[in-house]
Amino acid sequence: MAARSKQVLRLYKDLLREAEKFPSYMYRTYSLRRIKDAFQENKGENNYEKIDDLITYAKANLDIIKRQVVIGQLYRGPETVIENHLKSNKTAKQ
């Protein structure tokens, strides 16, 4: 059980870390919110088969996020107003 908990925690951190790499603010915030919500929804799950299915599903989504991050970096669109605002606040604080 402890090994499974560590695996789930590692997967959760990997998903969040990878989602932070999205260049688009909208994709980044959506994916972070969705990851957190999905793990919150299933935190009380006790059925081992269901947990294994959820882990497999999360790993597949991690691969998808990794690919989408690369694609997003290759075909970056213009920055949105929010991204410009966040960038200007970040440079002002430094």
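**Ground rules.** I count residues from 1 along each chain as its sequence is written, and I leave hydrogens and water out, using heavy atoms for side-chain values. Since the model is predicted, local features need pLDDT of at least 70 and side-chain atom pairs count only at pLDDT 80 or more, while totals for chains, interfaces and linings use all residues.

**The annotated span.** I looked up UniProt: an unreviewed entry there places "domain: Complex 1 LYR protein" at residues 6-63. UniProt positions are in the numbering used here, feature names are shortened, and annotations may be inferred rather than shown by experiment. I got 81% helix and 0% strand for the span, with its end C-alpha atoms 19 Å apart. Helices (H or I, at least four residues) and strands (E, at least two) are DSSP runs, numbered from the N terminus.

**Salt bridges.** I searched the whole structure and found 4 salt bridges. The term means a side-chain nitrogen of Lys or Arg within 4 Å of a carboxyl oxygen of Asp or Glu. I noted one between Asp 14 and Arg 17, with the closest N and O atoms 3.1 Å apart. Why are these two about one helical turn apart? Because they sit 3 residues apart in helix 1 (residues 2-19).

For exposure I use relative accessible area: buried is under 20%, exposed over 50%, partly exposed in between (1.4 Å probe, protein chains only). Asp 14 is partly exposed at 24%, and Arg 17 is partly exposed at 47%.

I also noted Glu 18 with Lys 21, at 3.4 Å from N to O. Glu 18 is buried at 12%, whereas Lys 21 is partly exposed at 44%. Another salt bridge joins Arg 34 and Glu 41 at 3.9 Å; Arg 34 is partly exposed at 39% and Glu 41 is exposed at 59%.

**Arg 28.** I found Arg 28 in helix 2 (residues 25-41). Beyond its neighbours within four places in sequence, Arg 28 is in contact with Ala 19, Glu 20, Phe 22 and Pro 23. Contact means heavy atoms within 4.5 Å.

**Ser 31.** Helix 2 also holds Ser 31, which is buried at 9%. I traced its side chain to the backbone oxygen of Arg 28, at 3.1 Å. Setting aside neighbours within four places in sequence, Ser 31 is in contact with Ala 19 and Phe 22.

Conventions. A polar contact is a pair of N or O atoms within 3.5 Å; within protein, one must be able to donate a hydrogen and the other to accept it, and residues adjacent in sequence count only if both atoms are side-chain atoms.
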